[in-house]
Amino acid sequence: MKNEATQPKNLHRLTAKVVRGSGSHVADQGSVYRSGVSAESVGSTMLWLGTISLPPGRRTRAHRHEGHETALLMTAGQEIEIWSGPELDQCEMVHAGDYLFIPAGIPHVAVNRSTESAEFLGARNDPAANESVVLMPELDNIVP
């Protein structure tokens with residue numbers, strides 16, 4: 001079976017697109033996003049690619065993404081904690097050079113206790129610049 005994304009229906013209308021750096025926005029969960037490839041920038045239908053940062057001393061709010069997976073590469077910073085699971089009972093340390101995968105629907109919180117911004121290259125299978133997010137305030141007090 002062929003992936004429909006690799007089989008464009010109107011090949012004669014498609015071209016490669018270069019996206020110049022754009023402004024950033026603070027997502028509902030609290031991290032700073034800078035979109036590159038998105039539905040809005042290039043008409044992507046299945047993919048978002050951009051950078052995400054978590055300033056020093058900050059954390060995200062407890063949240064999940066129902067409809068998409070997220071893959072990240074930490075490109076700069078000391079380390080962050082990623083708390084995940086139904087009760088946020090699993091904690092992994094992420095360092096520069098580490099890859100991180102967050103499955104769809106999994107609650108998570110990222111915490112940057114360092115004095116440096118944590119920077120990530122991120123991709124997800126939700127092409128919207130403003131991704132779908134479900135905030136989970138009932139879990140916010142679990143993570144110290």
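This is a predicted model: local features need pLDDT of at least 70, side-chain atom pairs count only at pLDDT 80 or more; totals for chains, interfaces and linings use all residues.

Ser35 lies in strand S2, which spans residues 32-37. Its relative accessibility is 14%, so Ser35 counts as buried, the cut-off being under 20%. Leaving out residues up to four places away in sequence, Ser35 touches Ser22, Trp48, Leu49, Gly50 and Ala129.

Strand S2 belongs to an open sheet of 6 strands, ordered S1-S2-S3-S10-S5-S8, with antiparallel pairing. Strand S1 (25-26) and S8 are the edge strands, each pairing on one side only. S1 and S2 run antiparallel and are joined by 2 bridges. Val26 has Val32 in S2 as its bridge partner.

In soluble globular proteins, nonpolar side chains tend to be buried together. The largest nonpolar core here has 15 residues, among which Ile80, Val94 and Phe120 touch the most other members. At least two residues of this core come from each of strands S3 (48-54), S5 (70-76), S6 (79-84), S8 (99-102) and S10 (118-124). S3 provides the largest share, 3 residues.

Around Ile80, with neighbours within four places in sequence set aside, the contacts are Met74, Glu92, Met93, Val94, Ala110, Val111, Asn112, Ala118 and Phe120. A second, separate core comprises 8 residues, including Ala62, Trp83, Val109 and Val111.

Note on methods. Residues are numbered from 1 along each chain as its sequence is written. Side-chain values use heavy atoms; hydrogens and water are left out. A nonpolar core is a set of buried Ala, Val, Leu, Ile, Met, Phe, Trp, Tyr and Cys residues joined through side-chain atoms within 4.5 Å. Buried means under 20% relative accessible area, exposed over 50%, partly exposed in between (1.4 Å probe, protein chains only). Helices (H or I, at least four residues) and strands (E, at least two) are DSSP runs, numbered from the N terminus. Contact means heavy atoms within 4.5 Å. Two strands pair if DSSP finds at least two bridges between them.
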